[in-house]
Amino acid sequence: MCSSDLMSTGIDMRQFARSAGTNITFKAGAEVFAKGDPGNCMYVVQSGVVEMVLGDKVIEVCGPNEAIGFMSMVDEAPRSSTARVKEDCELPVIDARKFRFMVDEVPNFAQYVMGAMARRIRGMGQVLK
């Protein structure tokens, strides 16, 4: 599973995320977003599995209570990888305003984002060797 699991920080974001944003259901094989897309939101996996892909390589596999798409919320840059649905999933959409609220108001969330970004960068380095 995704090394950036929110559970490891003691945060269960699923309930908050479900109430904070619109929930979208994706079928296996669908793309949530593609590398280069504008990054105007992030997601928290409610159920199912999402693969983070760079080229033809899977960088991470993320399951329930794990966030995807958060890097673009931090730097407002386009998506750095593609999010592909491995198993049907439900994803609440967290927009930039709600992301800022979470950073300010949800204990440990900013720490989680920084740790997850570090793990993602390290993982990309390992996969791309």
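Predicted model: local features only at pLDDT ≥ 70, side-chain atom pairs only at ≥ 80, totals over all residues.
**Entry 1. Salt bridges**

I searched the whole structure for salt bridges and got three. I took them one at a time.

I began with K27, which pairs with D88; the closest N and O atoms are 3.6 Å apart. I then looked up where the two residues sit. K27 is in the loop between β1 (23-26) and β2 (31-33), while D88 belongs to strand β7 (residues 82-95). The two are 61 residues apart, and the pair links distant parts of the chain. I checked accessibility for both partners. K27 has a relative accessible area of 56% and is exposed. D88 comes out at 42%, which makes the residue partly exposed, because that class runs between 20% and 50%.

Next I looked up E51 and R84. Their closest N and O atoms are 2.9 Å apart, and the pair forms a salt bridge. This pair also links distant parts of the chain: E51 is in strand β4 (residues 47-54) and R84 in strand β7, 33 residues apart. For E51 I noted a relative accessibility of 12%, so E51 counts as buried, the limit being under 20%. R84 is partly exposed, with a relative accessible area of 32%.

The remaining entry on my list was K98 with D95. Their side chains meet in a salt bridge at 3.8 Å, N to O. I recorded D95 as partly exposed, at 28% relative accessibility.

**Entry 2. Aromatic pairs**

I asked how many aromatic pairs the structure holds. The search returned two.

For F33 and Y43 I noted ring centres 6.2 Å apart and planes at 20 degrees. The pair is stacked because planes under 30 degrees apart count as such. F33 lies in strand β2 and Y43 in strand β3 (residues 41-44), so the pair ties together parts that are 10 residues apart in sequence. I found both F33 and Y43 buried.

F99 and F109 make an edge-to-face pair, with 5.7 Å centre to centre and 75 degrees between the planes. I placed F99 in helix α3 (residues 96-105) and F109 in helix α4 (residues 109-127). The pair therefore ties together parts that are 10 residues apart in sequence. Each residue was then checked for burial. F99 is buried, with a relative accessible area of 6%, and F109 counts as buried at 0% relative accessibility.

**Entry 3. A charge over a ring**

I went back to F33 and asked which residue has its charged end over the ring of F33. That residue is R79, whose charged end sits 4.1 Å from the ring centre.

**Entry 4. Positive phi**

I also looked up backbone angles and wrote down two residues.

N65 has phi near 70 degrees, a positive value in a residue other than glycine. I located N65 in the loop between β5 (57-62) and β6 (67-68). Is N65 buried or exposed? N65 counts as buried, at 0% relative accessibility.

E76 has a positive phi of about 60 degrees and is not a glycine either. I located E76 in the loop between α2 (71-75) and β7. E76 is exposed, with a relative accessible area of 70%.

Notes
Residues numbered from 1 in each chain as written. Heavy atoms only, no water. Salt bridge = Lys/Arg side-chain N within 4 Å of Asp/Glu carboxyl O. Helix = DSSP H or I, 4+ residues; strand = E, 2+ residues; numbered from the N terminus. Buried < 20%, exposed > 50% of the residue type's maximum accessible area, 1.4 Å probe, protein only. Phe/Tyr/Trp six-rings, centres within 6.5 Å; stacked < 30°, edge-to-face > 60°. Lys NZ or Arg CZ within 6 Å of the ring centre and 35° of its normal.
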